[in-house]
Amino acid sequence: MQTMYFAGGCLWGVQAYMKTLPGVVETEAGRANGSTDALDGPYDGYAECVRTVFDEHAVSVAQLAEYFFEIIDPYSLNKQGIDVGEKYRTGMYSEDPRHLDEARAFIEARNDAKRIVVEVKPLSRYVRSADEHQDRLDRCPGDYCHVPAELLAKHKRTVF
């Protein structure tokens, strides 16, 4: 199993989406690359993100990046949907340099690569979000989400 961290605006929608993807085995709402060790705020400099554990034999980093780009505006700096601020920046983070190389290659291969503002950086710090943020849209389906409902259901897997 491999782990990457995807920041795409409000973490509720990103988690709801990422956990439906083929090859993803676990997700956790959290915050990446901030400057404090606080477990319950303040989250100085952090990006809201989703820790994504995936089976590298079932899905590649490039495929995860392609899925991720379905739910973000890759040209928008520090803003996704109605959420504005540094904590809503977009990014792909990992402790594995190979993941970062694959994410960069995915972006560089795109025709719009020069316009993309998605960070691709090593994970320097990660803080798990509070329990109330974990799987929030499962528990509160009416809450705000910048990810369109049709995309949240696009890859939905049936659990037996």
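Does Cys10 count as buried or exposed, and what is its relative accessibility? At 8% relative accessibility, Cys10 counts as buried, because the cut-off for that class is under 20%. The model you are looking at is predicted.

- You will find Cys10 in the loop between strand 1 and helix 1.
- Setting aside residues up to four places away in sequence, Cys10 touches Glu48, Asp83, Tyr88 and His146.

**Helix 1**

- Helix 1 spans residues 11–18, and eight of its eight residues are buried, leaving the helix mostly covered.
- The buried residues of helix 1 are Leu11, Trp12, Gly13, Val14, Gln15, Ala16, Tyr17 and Met18.
- Among the elements that these buried residues pack against are strand 1, strand 2 and strand 3.
- Helical partners of the buried residues in helix 1 are also there to see: helix 2, helix 4 (136–139) and helix 5 (149–154).

**Helix 2 and its crossing with helix 3**

- Two packed helices are described by the angle between their axes and the distance between the axes.
- For helix 2 (residues 61–69) and helix 3 (residues 97–108), the axes come within 9 Å and cross at roughly 55°.
- The crossing of helix 2 with helix 3 is right-handed.
- On the helix 2 side, the contact is made by Val61, Ala62, Ala65, Glu66 and Phe69.
- His99, Glu102, Ala103, Phe106 and Ile107 make the contact from the helix 3 side.
- Sorted by class, this contact has seven nonpolar residues, two charged ones and one polar one.
- Buried residues of helix 2 are Val61, Leu64, Ala65, Tyr67, Phe68 and Phe69.
- Those buried residues pack against strand 1 (2–8), strand 2 (24–32), strand 3 (47–54) and strand 6 (90–94), as well as helix 1 and helix 3.

**Phe68, a buried residue of helix 2**

- Phe68 lies in helix 2 and counts as buried, at 0% relative accessibility.
- Leaving aside neighbours within four places in sequence, Phe68 is in contact with Phe6, Ala7, Gly8, Tyr17, Gly91, Met92 and Val118.
- Along the chain, Phe68 and Val14 are 54 residues apart, while their C-alpha atoms are separated by 8.3 Å.

**Ala7 in strand 1**

- Ala7 is found in strand 1, and its relative accessible area of 0% makes Ala7 buried.
- Phe68 is one of the residues that Ala7 touches, along with Ala47, Glu48, Cys49, Arg89, Thr90, Gly91 and Tyr93, not counting residues up to four places away in sequence.

**Gln134 in a loop**

- Look for Gln134 in the loop between strand 8 (126–128) and helix 4.
- Gln134 is buried, with a relative accessible area of 9%.
- Apart from residues up to four places away in sequence, Gln134 touches Gln15, Glu28, Ala29, Arg128, Ser129 and Arg139.
- Gln15, one of those contacts of Gln134, is also among the buried residues of helix 1.
- Gln134 and Val50 are 84 residues apart along the chain, and their C-alpha atoms are separated by 9.7 Å.

**Two asparagines with positive phi**

- Asn33 is not a glycine, yet has a positive phi of about 55°.
- The loop between strand 2 and strand 3 holds Asn33, which is buried with a relative accessible area of 15%.
- Asn78 is another residue other than glycine with a positive phi, near 60°.
- Asn78 is found in the loop between helix 2 and strand 4 (79–80).
- With a relative accessible area of 25%, Asn78 is partly exposed.

Notes: Residues are numbered from 1 along each chain as its sequence is written. This is a predicted model: local features need pLDDT of at least 70, side-chain atom pairs count only at pLDDT 80 or more; totals for chains, interfaces and linings use all residues. Side-chain values use heavy atoms; hydrogens and water are left out. Axes are lines fitted to C-alpha atoms, for helices over the stretch in contact, and angles run from 0 to 180 degrees between N-to-C directions. Helices (H or I, at least four residues) and strands (E, at least two) are DSSP runs, numbered from the N terminus. A crossing is left-handed if the near helix is turned anticlockwise from the far one by less than a right angle, and right-handed if clockwise. Contact means heavy atoms within 4.5 Å. Ala, Val, Leu, Ile, Met, Phe, Trp, Tyr, Cys and Pro count as nonpolar, Asp, Glu, Lys and Arg as charged, and the others, Gly among them, as polar. Buried means under 20% relative accessible area, exposed over 50%, partly exposed in between (1.4 Å probe, protein chains only).
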